[in-house]
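Visitor: Hi! I'm new to this one and would like a quick tour. Could you walk me through it?

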Amino acid sequence: MAGADPGARIGELLDRLGREAGPQARETADELVRSVVEFYGEGLARTVRLLRTAPAGSDPLAVLTADELVGDLLILHDLHPEDTMTRVGRALDKVRPYLGSHSGDVDVAGLDGETPEGPTLRLRLRGSCDGCPSSTQTVRWTIEEAVARLAPEIAHIEVEGVAEEPAAGGQPLLQIQPHPPADAPGALPPAADGEPPRWHTLASPALPARDHATRVADVEGNALLLVRLPGNLYAYRDRCPGCGADLRTAPLDGEFLSCAECAARFDVRHAGRGEQAHLEPLPLLEEEGAVRVALPELLGAGP
C-alpha cells in the first residue's frame with residue numbers, strides 16, 4: 001500500500017463489508033475501527049506526554065517502556081528493547097516476594113514458540129504452597145497477572161510442581177491462560193467458565209501506614225484485611241475461617257494474627273495458615289509504588 005491513503009482504503013473496505021455482509025456487520029466493523037483508532041491515539045498521546053515530562057538526561061526508550069500501554073504497542077510491533085525472556089524474568093521477580101509468603105519460588109524451565117496455541121512459557125514452582133488449595137489458586141492468579149502485564153505475547157503457561165493432587169501417572173501440572181489486563185484498551189471480557197479474578201488498585205489511604213499494622217479496605221462491597229509486615233504487604237479475606245467473625249479487631253502479635261472471637265491464630269507471612277484452617281489469601285502485587293489486589297468470585301462465598 002505504499003503511497004496509498006490508508007484512511008481511504010479503510011473506508012473502501014468498510015463499504016465493501018457493508019455491501020457483502022449487511023448493515024449490522026458494517027456497524028460492528030465501524031466500532032472495531034473506532035476502538036483501534038482510540039487505542040493507538042491513546043498510545044500516541046501517552047508517548048508525547050511521557051517524552052515531554054521526562055527528566056533531563058533520561059533514556060527516552062526506558063521512559064516509554066515503563067508505561068504499560070506504550071510498552072504493549074512496542075511489543076506488538078517488535079520494537080521493545082527487551083526480549084520476551086528478559087520481561088518474563090522481571091515479571092517473576094515481582095511475584096517472588098508473594099510466592100515466598102506461600103513457601104515457594106519459581107524458575108523458568110523454557111519457552112516454546114512453536115506450539116499451536118502460541119508461545120508457551122514453562123515454569124517450575126518450588127515449595128509446597130502450604131498444602132492450601134486457596135493458597136495454590138492465588139499463586140496461579142499472581143503468576144498469570146504478572147506475566148500478562150509484562151509479556152502479553154505469551155499465550156500459554158505451564159507450571160510444574162504445583163501443590164495439588166497429581167494426575168494419574170504424572171506430575172502435577174498447572175495450566176494457565178494469560179489474559180490482557182482487564183483495564184487494557186481492547187481487552188475482552190473474561191469467559192463465564194473459569195472467570196479470572198478482577199484486579200483493583202488500592203490508594204495509599206486504604207493501606208496500613210506502618211509495619212505490624214492492619215487495615216480493612218472495602219473493594220466493591222468486599223472487605224479485605226491488609227496486613228503490613230517488614231518487607232511485604234499481605235491481603236486476606238476479612239473473615240475468620242474458624243468462627244466466621246471479621247478480623248478487623250484481631251490483635252497482631254509479631255507475624256501472627258489472633259481472632260478476637262475464637263482466639264484462633266494465623267501465620268500472616270505464610271499464607272495465613274493456622275492449626276485448624278487457613279485464612280483466605282488474595283493475590284497481591286506491589287509495583288512501582290502501586291498496590292494491586294485481585295478479587296476472585298469465591299470472595300463473596302459464605303463462611
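Visitor: What order do the strands of the open sheet of four have?

Guide: Keep in mind that this is a predicted model. The order in that open sheet is E9-E10-E11-E12, and the pairing is antiparallel.

Visitor: Which strands stand at the edges?

Guide: Those are E9 (252-253) and E12 (273-274). Each has a single partner strand, so one side of each has no neighbour in the sheet.

Visitor: And how many bridges do E10 and E11 pair over?

Guide: Three bridges, in the antiparallel sense, between E10 (residues 256-258) and E11 (residues 265-267). Leucine 257, for example, has phenylalanine 266 in E11 as its bridge partner.

Visitor: Changing topic: how far apart are the end C-alpha atoms of helix H2?

Guide: They are 45 Å apart. H2 covers residues 23-53, and at 1.5 Å a residue its 31 residues should span 45 Å, so the two values agree.

Visitor: Which residues in H2 are buried?

Guide: Ala29, Phe39 and Gly43 are buried there. The cover over the buried residues of H2 includes helix H1 (6-21) and helix H4 (68-76).

Visitor: What about the largest nonpolar core? Which residues touch the most other members?

Guide: That core has 21 residues, and Leu121, Leu123, Val147, Ile154 and Ile157 are the ones touching the most other members. At least two residues of this core come from each of helix H5 (84-100), strand E2 (120-127), helix H6 (133-150) and strand E3 (156-160). There is also another core, lying apart from it, with 14 residues, among them Val227, Leu229, Leu257 and Leu279. Leucine 257 is the residue that has phenylalanine 266 as its bridge partner.

Visitor: Back to leucine 121, what does it touch?

Guide: Leaving out residues up to four places away in sequence, leucine 121 touches Met85, Val88, Val108, Gly110, Leu111, Val147, Ile154, His156, Ile157 and Glu158.

Visitor: One more topic, backbone angles. What is phi at histidine 212?

Guide: It is positive, about 60°, although histidine 212 is not a glycine. Histidine 212 sits in the loop between strand E5 (198-202) and strand E6 (213-219). With a relative accessible area of 42%, histidine 212 is partly exposed.

Visitor: And where is glutamate 220?

Guide: Glutamate 220 is in the loop between E6 and strand E7 (222-229). Its phi is near 55°, again a positive value in a residue other than glycine.

Visitor: Does glutamate 220 count as buried or exposed?

Guide: Exposed: the relative accessibility of glutamate 220 is 53%, and the cut-off for exposed is over 50%.

Technical notes:
Residues are numbered from 1 along each chain as its sequence is written. This is a predicted model: local features need pLDDT of at least 70, side-chain atom pairs count only at pLDDT 80 or more; totals for chains, interfaces and linings use all residues. Side-chain values use heavy atoms; hydrogens and water are left out. Buried means under 20% relative accessible area, exposed over 50%, partly exposed in between (1.4 Å probe, protein chains only). Two strands pair if DSSP finds at least two bridges between them. The expected span of a helix is 1.5 Å times one less than its number of residues. Contact means heavy atoms within 4.5 Å. A nonpolar core is a set of buried Ala, Val, Leu, Ile, Met, Phe, Trp, Tyr and Cys residues joined through side-chain atoms within 4.5 Å.
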